[in-house]
Amino acid sequence: MDHSSRRSFLSITAALTGALGACSKTEDTAQNAEAPSRLGKPVSGYGERSAHETSKRGFRESKTPEASSSRTPLEDLYGSITPSALHFERHHSGVPDLDPATHELFIHGLVERPLALSMDDIKRLPSVSKVYFVECSGNSGGEWGAKRAPTASAGHGLASCSEWTGVPLKTVLAEAGLKPEGKWLLAEGADACRMSRSVPVEKALDDALLAYGQNGEALRPGQGYPLRLILPGWEGNTNVKWLHRLEVGDQPFMTKDETSKYTDLMADGKARIFTYEMDAKSIITRPSGGQKLSGPGFYEVSGLAWSGRGRIEKVEVSTDGGATWQQAALDEPRHSKAFTRFRLPWRWDGSETQLLSRATDETGYVQPSVEDLIAARGQNSIYHNNGIKAWQVGADGAVGAQNV
Amino acid sequence: MFKLVVFTAALAALSLPAAAQNYGVGRTPSPDEIASLGATTNPSGKGLPAGQGTAKEGREVYELRCKECHGPEGKGADQTSFLGKPEQLQQNPPVRTVGSYWPYATTLWDYTNRAMPFDRPGTLTADQVYAVTAYILFLNGIVEEGQVLDASSLPQVQMPNREGFVPDDRPDTGVAGK
């Protein structure tokens, strides 16, 4: 096909596809790339992302998909806020369909005045908006073994960060009037299994939030619509979704999810109980497992760091397998108990290497290696693996897990 | 007498200044309404409802409602098994089951009551929950086959791993000297 006949073929194709309302990639794109003469889509009620963007949460096939989890694709995200549609999920008996017009929160037990609050009642109370991460304490649970997760999502994707809007729990507890002997709260969801956890009253009166908003709109159903408990910095499971009941008691209730699960078995056969705080942690998300460097030259190494005990103070990055460490720049503002984005300029020389990151929080705690964690705890504790994650960069630019 | 009650009430109110109601939103639920929200217990047995059951009765419930997922006589695969002993917690991988790990029998009652069977949670009667709890404990040699479990006897059951839990002593790494 010579030049002129190819041109006429293309114009016929363009006319045909134009008539069908489609846009063919084989068109003469120099003229049509931005299509200034062609009208785009009209306004719409609720926005959708570009058809070119396909990032999704990952999850395994399961016989019980209602009691399963989906993982945030950390490697695809920018900044420090997780889009609500990509926030990780961990459900125990599926996502209930709750009507906010009839949903109520009950507060009872060791209180002066039992209360039933409608969603309208709750929204009348003074609210705050705060940025907090939520991380399942089982996140990185596969990293105890020798074979490490191949992608950021697979190893660290049970962590997400949102701006949550809600009423401080202490406001509502003051309304109900805690009795002096009230030391623990049972927080119960309205899902089919009424998932429940015990919360010490000190946390309830500190920074606990009754959240109805997430990233500027109502909570997503998978995040507890219309109301969830947010316990900043504490393991995800305690952030009870679909919250409908708070019972004040004089001792912990010892529910299934704080005894048989979410307890950390040590090498000596004893298990830590009520391991609430999430320790400081970080991961490089770009370049990370599954991605490929296109050739030697400049790249920005970027990732996320967070701590359940406060602000991120420092993130160090090693581009030579841990031989030397450089301090990364941190995006501001750095919120307490929230994702902080870190960045380090890097020039790849084309040789095989390893990329690592290490976070320090405002308490001075330094993210340990997985080997340090194993030395302290053994390999049976499942939960609370906040060890340093290493990415192997091959000479061909392919990035993958560094197995041990 | 009436004066004394009023005086005591006034004292109580004075001693709880933080309990003053600030916003006046919400309504006061009735005791019946609160009771209808469902039972929750703790290791003391508080809140356990009337009813009772034995392992013998529990076997029938188990066969009908539990066996499909948890296997015959509690010998389910993977995480569905109920059987084990605390000595198996130091194995690799460890055995974490009702028999080997769970510290309180009240937890088994509460979880069965609120969350089981998986596909129809909350559909067992109180008697059935006591009975199937007894059966699972019997399979582990923790109670006798004819032992009656009810609101007063269930909290008395001593679980093999009752002393197996320790407080969170982190940070155990990441700080100077660790």
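Two strands pair here if DSSP finds at least two bridges between them. Residues are numbered from 1 along each chain as its sequence is written, while chains are lettered from A and ligands numbered from 1 in the order in which they are written.

Let's start with chain A as a whole. Its secondary structure comes to seven helices and 23 strands; helices (H or I, at least four residues) and strands (E, at least two) are DSSP runs, numbered from the N terminus. Among contacts in chain A with a separation of 6 or more, 70% link residues 24 or more positions apart; a contact needs the C-beta atoms, placed from the backbone, to lie within 7 Å.

How far can you trust the chain? The mean pLDDT of chain A is 93, and 91% of its residues reach 70 or more, pLDDT being the predictor's confidence in each residue, from 0 to 100. Residues 1-29 of chain A are another matter: pLDDT stays under 50 there, and the model has 13 contacts beyond four places in sequence for them. Where pLDDT is low, the predicted coordinates should not be read in detail.

Now look for an open sheet of five strands in chain A, in the order S4-S3-S12-S7-S8, with mixed pairing. S4 and strand S8 (196-200) of chain A stand at the edges with a single partner strand each, so one side of each has no neighbour in the sheet. Neighbouring strands of this sheet are turned by 20° against each other on average, direction ignored (axes are lines fitted to C-alpha atoms, for helices over the stretch in contact, and angles run from 0 to 180 degrees between N-to-C directions).

Moving on, S7(A) pairs with S8(A) in the antiparallel sense over five bridges, and Trp184(A) stands opposite Pro200(A) in S8(A).

Next comes the contact between the chains, which takes 52 residues from chain A and 46 residues from chain B. On the side of chain A that touches chain B, H7(A) gives the most, with four residues. By class, that side has 22 nonpolar, 16 polar and 14 charged residues (Ala, Val, Leu, Ile, Met, Phe, Trp, Tyr, Cys and Pro count as nonpolar, Asp, Glu, Lys and Arg as charged, and the others, Gly among them, as polar). Strand pairing crosses between the chains too: S14(A) and strand S3 (residues 165-167) of chain B pair in the parallel sense over three bridges, where Arg272(A) has Val166(B) as its bridge partner.

Finally, chain B has a helix crossing to look at. The axes of helix H3 (residues 55-65) and helix H6 (residues 126-139) of chain B come within 7 Å and cross at roughly 100°. That makes H3(B) roughly perpendicular to H6(B) (65 to 115 degrees, with under 35 counting as roughly parallel, over 145 as roughly antiparallel and the rest as oblique). The residues in this contact divide into eight nonpolar, two polar and two charged.

How values were computed
This is a predicted model: local features need pLDDT of at least 70, side-chain atom pairs count only at pLDDT 80 or more; totals for chains, interfaces and linings use all residues. Two residues are in contact if their C-beta atoms, placed from the backbone, lie within 7 Å.
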